[in-house]
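Subject: Handover of a structure

Dear colleague,

Please find the structure below, together with its sequence. My notes on it follow, and I would be grateful if you read them with the structure open.

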Amino acid sequence: MKVPKPKNGRRTNLALLALLPLAVFTGLFANTIGTAWSIPPAAVHGTVALAVLVLSPWKSAIVRRGLAKRRKSSVVSLVLLLLVLTTLGTGLLHATGFHGKLGPLTVMQVHIGGALIALVLAYVHYRSHPVRLHKVDLGRRTFLRTTGVSAVAAAAWLSVEGGLDLLGLSGGERRFTGSHERSSFDPTHMPVTSWLDDKVQHIDAAAWRVAIAGRPHSLEELSLHPQDDLTAVLDCTSAWYSEQVWTGVRLDRLLDVGDHRSISVTSATGYGRRFPAHDLKNMWLVTHVGGEPLSAGHGFPARIVAPGRRGFWWVKWVVAIDPSSVPWWLQLPFPAT
Ligand SMILES: Nc1nc2c(c(=O)[nH]1)N[C@H]1C(S)=C(S)[C@@H](COP(=O)(O)O)O[C@H]1N2
Ligand SMILES: [Mo]
């Protein structure tokens, strides 16, 4: 492909300036919404990533000219470049179903971490290399070029996704959230994960109580309530999912929310999440998986199963469930521990 020599690369830079934040935000959405709503952001995310690649011949000409000037800010720019390449690379690795780790980190941790740092550096880079939108940038030619780049990127995205399926690569069996399947219906091999730094709790079943709206319940009392077996997918944001048969009590049988707006669920570790009150009908306090009591790693004596929500909502080692008048969204979007 013949790459035209850019006059000042302004349009390429403008395009990248729009694409980077778009990539980060669509990625965050695709990776945190647990429902089919994450399909459009996931498709845009893949397309945006490939659009960055489509623009790379033009950008590399700009980078070479910039480096020739040997400015101090070049260090930030080079680190940014490295991070963007790492993020693109790990994104592609993930899409093709790579399971291994990169040192101590998973591919998805490198991908998300790299992207967030890149976003900050992109801002610093932009401050030292500002680009201005000119009137000509809003003209017909830009429109045609943007359409062209988007079409090429979308076609590339479709062929990557289609190619994975055709070749039978493990990336083809990804869930719509992008996650890969792990040990479904085989709970002993299902990964044990925490959000950040929670340690597996070894809880004495005889002494354990869960306070439901303040009233303590023992494991035996819980077992006296009608139990449901439900098949539900635990989909972790670190990019795996596992489908299991869980057994437990639906929360609307355990407490009445009345006029309360939310229910907060607290773990023995202090980890917790706040759910909208109307979710009660779609949340279970489960004690068994695959017909066996939960293992310590998976939340013994009891954990939340919230079908349709991502794994970080599935609080393990539950010790309290409280109706509350605070709206559910008044909490950090992600747990802090
Ligand atoms: N108390 C507590 N519960 C937790 C977490 C945690 O760190 N602490 N991690 C959550 C996350 S991010 C996921 S994906 C699931 C993992 O469940 P598993 O270890 O049974 O696979 O538990 C959720 N429940
Ligand atoms: Mo997770």
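Apart from residues up to four places away in sequence, His111 touches His45, Thr87, Thr90 and Gly91, where contact means heavy atoms within 4.5 Å. This is a predicted model, in which local features need pLDDT of at least 70 and side-chain atom pairs count only at pLDDT 80 or more, while totals for chains, interfaces and linings use all residues. Residues are numbered from 1 along each chain as its sequence is written, chains are lettered from A and ligands numbered from 1 in the order in which they are written, and side-chain values use heavy atoms, with hydrogens and water left out.

His111 belongs to helix 4, which covers residues 107-128. Helices (H or I, at least four residues) and strands (E, at least two) are DSSP runs, numbered from the N terminus. His111 counts as buried because its relative accessibility is 13%; buried means under 20% relative accessible area, exposed over 50%, and partly exposed in between, with a 1.4 Å probe and protein chains only.

Ser77 is located in helix 3, residues 74-95. With a relative accessible area of 17%, Ser77 is likewise buried. Once neighbours within four places in sequence are set aside, Ser77 is in contact with His125 and His129. The C-alpha atoms of Ser77 and Val63 are 8.7 Å apart in space, and the two residues are 14 apart in sequence.

I turn next to the ligand. Which residues are closest to ligand 1? Of the 21 residues that surround ligand 1, the closest are Pro191, Asp198, His298, Arg303 and Lys316; a residue is counted here if one of its heavy atoms lies within 4 Å of the molecule. A polar side-chain atom of Lys316 is 2.5 Å from an oxygen atom of ligand 1. Asp198 places a polar side-chain atom 2.7 Å from a nitrogen atom of ligand 1, and a polar backbone atom of Trp195 lies 2.8 Å from an oxygen atom of ligand 1. Taken alone, ligand 1 exposes 530 Å², and the protein buries 100% of that. Accessible areas come from the Shrake-Rupley method with a 1.4 Å probe, and for residues only the protein chains shown count as cover.

Several loop residues also deserve mention. His189 sits in the loop between strand 3 (180-181) and strand 4, and counts as exposed because its relative accessibility is 56%. The side chain of His189 makes a polar contact with the side chain of Asp186 at 2.7 Å. His189 and Ser242 are 53 residues apart in sequence, and their C-alpha atoms are 9.9 Å apart in space.

Ala213 has a phi near 50°, a positive value in a residue other than glycine. Ala213 lies in the loop between strand 4 (210-212) and strand 5 (215-217) and is partly exposed, with a relative accessible area of 48%. Trp317, also not a glycine, has a positive phi of about 55°. The place of Trp317 is in the loop between strand 12 and strand 13 (318-324), and Trp317 counts as buried at 3% relative accessibility. The peptide bond from Phe300 to Pro301 is cis, with omega near 5°; Pro301 is found in the loop between strand 11 (292-293) and strand 12 (303-305).

Finally, the protein as a whole. The protein contains six helices and 13 strands, and its C-alpha trace spans about 75 × 45 × 35 Å along its principal axes. Of the 337 residues in the protein, 40% are buried. Among contacts with a separation of 6 or more, 69% are between residues 24 or more positions apart. The accessible surface of the protein is about 18100 Å², and 65% of this belongs to carbon and sulfur atoms.

With kind regards

Terms used:
Polar contact = N/O pair within 3.5 Å; in protein donor to acceptor, adjacent residues only side chain to side chain.
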